[in-house]
Amino acid sequence: MTSSLNVARGILRDATRASLRGSGSISSVGRFGSSAATAGGSSIGSSSSITTRQQQAPSSCLKNHFHRFSSVVQVEDDSAKQSPNSNMNDAASTDATSDSGEDSPNKKPPRQKTSQVKISEVLKRKHTLRWVEPVISKESTVREAITLCIDRKLNGMMVVDRSESIKRQTTTELKQKCVGLITSRDILRMMADSIKEGKSSEDVLNEPISKQMTPINQVIYGRPDETIGQCRAIMAKLGIKCLPIMNGGRVEGILTARDFTDFYFEPEDKGGKKNYLRDVSERVGLTTDTSMAEPPVFVRQHLALRHAPLYLNVGVVEYPHPFKTDGGIGSSRRNFGPQDLAEDPDLSEDAHFVTEANLLDETGTNMQKLTYMGVADGVGSWREYGVDPRDFSHKLLGECENILREASSKCGTLGGESNCSMISPAELLAQSYERTKEANVIGSATACVGVFDCVRHQLHFSNIGDSGIIVLRHIDSDAASALQRDRTPRLERKSDLRIAFVSQQQLKSFNHPFQMGWTGEEIVEKDSSFRQASDSCTSSVHILRGDIIIMATDGLFDNVDIDDITKIALHWEQQSGFIDAGGVDGRKKRWSLGQSLTDLSARSIPNLAELLCQKARLASLDNTIDSPFALLAKENDIMWSGGMPDDCTVIAMHVVGKSVAL
């Protein structure tokens, strides 16, 4: 038995040596680059058939010799697996392993989809690789914030008040109470505003960051148990670049889009020669004759008109709550009383205004005509306290008109004075709110105010609550690659009228919007639903000729889906003759011939506002449909079917290339 065992060991030794020789003596040739032939007769660059025979020889040798010593072979095979040199036989045994269906021990498990990874895992990895405390004191200046961002490689920091402490059950006190969030984008915006105001560089750098930070009650945050996909979607929809992660009342860290990307790659995926040659070497460095490409054709067509002013044709329609009377509101049609539904706009708790003002533009040098518009929705629950909900909304927007008339009058009288520059929507709301407070008008309302700059083709707006703005635009999905995910073949496409923009609403909870209000005294509760104009959602939209802009209260958006609004707008365009069988191409041809149809637009745009209000009222009275309000109610575990009867105000605007003939 001993002699047989020795014979088997000798055979295994010879087979191993043959295998090493057949592999081309990798250790000597690979390390030193020798071109001499190996003991097996092969060399680097030699015939592949010779190498193949050498690699197959050990297998046939083992098969022939081990047949008679199967029991001994099993023992020696087990010991061979534990041998330090056993991994050198992997290349020779690859086919046998794959045939048996067993996974290689060195094979990496499949990667989890990045979108499904928990945020807690991303935070853990980020803090393990590099821990940096993302905080800054609220007393810090812009200069200090810039230094911290660069030194710590931060895109955002929590603003803390170290003078206040927080007592908890598990700890005695904490010295870093969070009061807000500031990002590198906020710092740049703050510097730009200061420069526009004519401040010196020293004054700009010494500005306190607390002036530009996002207050803690407005900070958007994520949770550790959410996934990368969920958080990425939130950041993309809201346009934010830094997302604090909250857990148990504490900020565990701040994540950015780069953190999500870094989580996907292992360190070996980013460094080393191989990755440099594959990812960097062929794409680093631009030649000295590099230039910018021309914009696409469809963009150049719009850029050609950028110096030509645009104009708005506006139509406004206001419907009261269908069950409203001078004495109040019926809970249903049965309790309403009169046979006919309410039609008198004076009964509506909504308010609106549209006015033009001649003010200085953003440069402060040129006078231009600006079109301001706004809607406000009085909060009906004030009726329970004996307060007419119409008072506050009408006073708020009435003062907006007064402020604009006064400013326009000053510009006409003084001309060129700095106090008649363009008033932003947020500033207009702030001034109007102060006047409403001084008049001691009790109540509250949601509000949306905008201004259209006809020269720069910009629509600026500020929104508080659940009123809002949508912009509809004809976009050719063959040219606009951004819409290819939702692309419909041209033969099946009924139109290219798409939703280009939807404003963000602000809600404390379902059916509880944030609002501007006055109770007769200042509200100090941090959890109040009252907001200042500075808390509004403020943004700007680039407007193109032919766009349709809809500003409305929640009476429209709660009852009519945005896709249905688009269909109604398209029907209005077709009925009015703005879009014919030629589609957008036919419209462009008409424009090139100077046929703007501006007067027709001015006459027919009120019809669009009427169509939308009628659709909203019909839907609000239909108990068999799932309105947007009903769908959202069910998502919040509230049983609701049908529409939501309410006041409805629609300001419909059509962007044209010529002013209306007087």
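This report describes selected strands, helices and contacts in a predicted model.

## The four-stranded sheet

Four strands form an open sheet in the order β1-β2-β3-β4, and their pairing is mixed. Strands β1 (135-137) and β4 (214-215) stand at the edges; each has a single partner strand, so one side of each is left without a neighbour in the sheet.

Strands β2 (residues 156-161) and β3 (residues 177-183) run antiparallel and are joined by six bridges. Within this pairing, Leu 181 of β3 stands opposite Met 158. Two helices accompany the sheet. Helix α7 (residues 142-152) lies across β1 and β2, and runs at about 160° to β1. Helix α8 (residues 184-196) packs on the sheet and touches β3 and β4. The direction of α8 makes about 70° with that of β3.

## The α10 and α11 helix pair

Two packed helices are described by the angle between their axes and the distance between the axes. For helix α10 (residues 228-238) and helix α11 (residues 257-264), the axes come within 11 Å and cross at roughly 150°. Because angles over 145 degrees count as roughly antiparallel, α10 is roughly antiparallel to α11. The crossing of α10 past α11 is left-handed.

On the α10 side, the contact is made by Ile 228, Cys 231, Arg 232 and Met 235, which meet Ala 257, Phe 260, Thr 261 and Phe 263 of α11. Sorted by class, the residues in this contact are six nonpolar, one polar and one charged.

Strand β20 (residues 548-552) is mostly covered, with five of its five residues buried. Ile 548, Ile 550 and Ala 552 point one way from the strand, while Ile 549 and Met 551 point the other way; all are buried.

Strand β20 pairs with strands on the basis of bridges to β14 and to β21. Strand β14 (residues 468-474) runs antiparallel to β20, and five bridges join the two. Here Leu 472 has Ile 548 of β20 as its bridge partner. Five bridges also join β20 to strand β21 (residues 648-656), again in an antiparallel arrangement. In that pairing, Ile 651 of β21 is the bridge partner of Met 551.

## Ser 576 in helix α19

Helix α19 (residues 562-576) includes Ser 576. The relative accessibility of Ser 576 is 16%, and because buried means under 20%, Ser 576 counts as buried. Leaving aside residues up to four places away in sequence, Ser 576 touches Leu 600 and Ser 604.

Terms used
Residues are numbered from 1 along each chain as its sequence is written. This is a predicted model: local features need pLDDT of at least 70, side-chain atom pairs count only at pLDDT 80 or more; totals for chains, interfaces and linings use all residues. Side-chain values use heavy atoms; hydrogens and water are left out. Buried means under 20% relative accessible area, exposed over 50%, partly exposed in between (1.4 Å probe, protein chains only). Two strands pair if DSSP finds at least two bridges between them. Contact means heavy atoms within 4.5 Å. Axes are lines fitted to C-alpha atoms, for helices over the stretch in contact, and angles run from 0 to 180 degrees between N-to-C directions. Angles under 35 degrees count as roughly parallel, over 145 as roughly antiparallel, 65 to 115 as roughly perpendicular and the rest as oblique. A crossing is left-handed if the near helix is turned anticlockwise from the far one by less than a right angle, and right-handed if clockwise. Ala, Val, Leu, Ile, Met, Phe, Trp, Tyr, Cys and Pro count as nonpolar, Asp, Glu, Lys and Arg as charged, and the others, Gly among them, as polar.
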